[in-house]
Amino acid sequence: MQVERHNLETNEKEKVDCIGIVQFIGHDKNADLTDGKNYYVIGFHQQLLKVIDDTQDYYYYIPFDANDIGQKEGIVSGFHIIEDPTGQIHELFASYKKDFDLKQKKRSQKLSQRLIQWKLKKLDEKESK
């Protein structure tokens, strides 16, 4: 399917291939997206969704799953997949979710290690007094 995009650099409209549709959920002051609105996905770049947003041009967005809002630290907005005829969007979401979970796990382990080190330091300080 082809959709129209307004190229903000040339100020012209052009047709681009659409690979699916997502719905944005949440609020993000840094995004040109409206809560509950559907958007065309026209591709990917690395692990980012290439979405035609409210500017009518494309922008890259992190593929946060809207089902994770409030369940995972740092996720306040995300997307529901509405149409994905090729399965590419589902694959991207799964890949990003796996990487995000690994990063969160590592962060959590580092925090635990820092807390243990801090407690040991406090105990040492107490004993030396």
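In this predicted model, the side chains of Lys37 and Asp54 meet in a salt bridge, with 3.1 Å from N to O. The pair links distant parts of the chain, for Lys37 lies in the loop between strand E3 (20-26) and strand E4 (38-45), while Asp54 lies in the loop between strand E5 (48-52) and strand E6 (58-61), 17 residues apart. Both partners are partly exposed, Lys37 with a relative accessible area of 35% and Asp54 with one of 29%.

Asp65 counts as buried because its relative accessibility, 18%, is under 20%, whereas Lys97, at 30%, counts as partly exposed.

Glu14 forms a salt bridge with Arg5, and their closest N and O atoms are 2.5 Å apart. Arg5 is buried at 10% relative accessibility, while Glu14 is partly exposed at 29%. Salt bridges that share partners join Arg5, Glu14 and Asp57 into one network, and the count of salt bridges comes to four.

These pairs belong to a protein chain with one helix and seven strands, in which the elements run β-β-β-β-β-β-β-α from the N terminus on. Of its 129 residues, 33% are buried, and the chain exposes about 9100 Å², of which carbon and sulfur atoms supply 49%. Among contacts between residues at least 6 apart in sequence, 43% join residues at least 24 apart.

Technical notes: Residues numbered from 1 in each chain as written. Predicted model: local features only at pLDDT ≥ 70, side-chain atom pairs only at ≥ 80, totals over all residues. Heavy atoms only, no water. Helix = DSSP H or I, 4+ residues; strand = E, 2+ residues; numbered from the N terminus. Buried < 20%, exposed > 50% of the residue type's maximum accessible area, 1.4 Å probe, protein only. Contact = heavy atoms within 4.5 Å. Areas by Shrake-Rupley, 256 points an atom, 1.4 Å probe, with all protein chains shown as cover.
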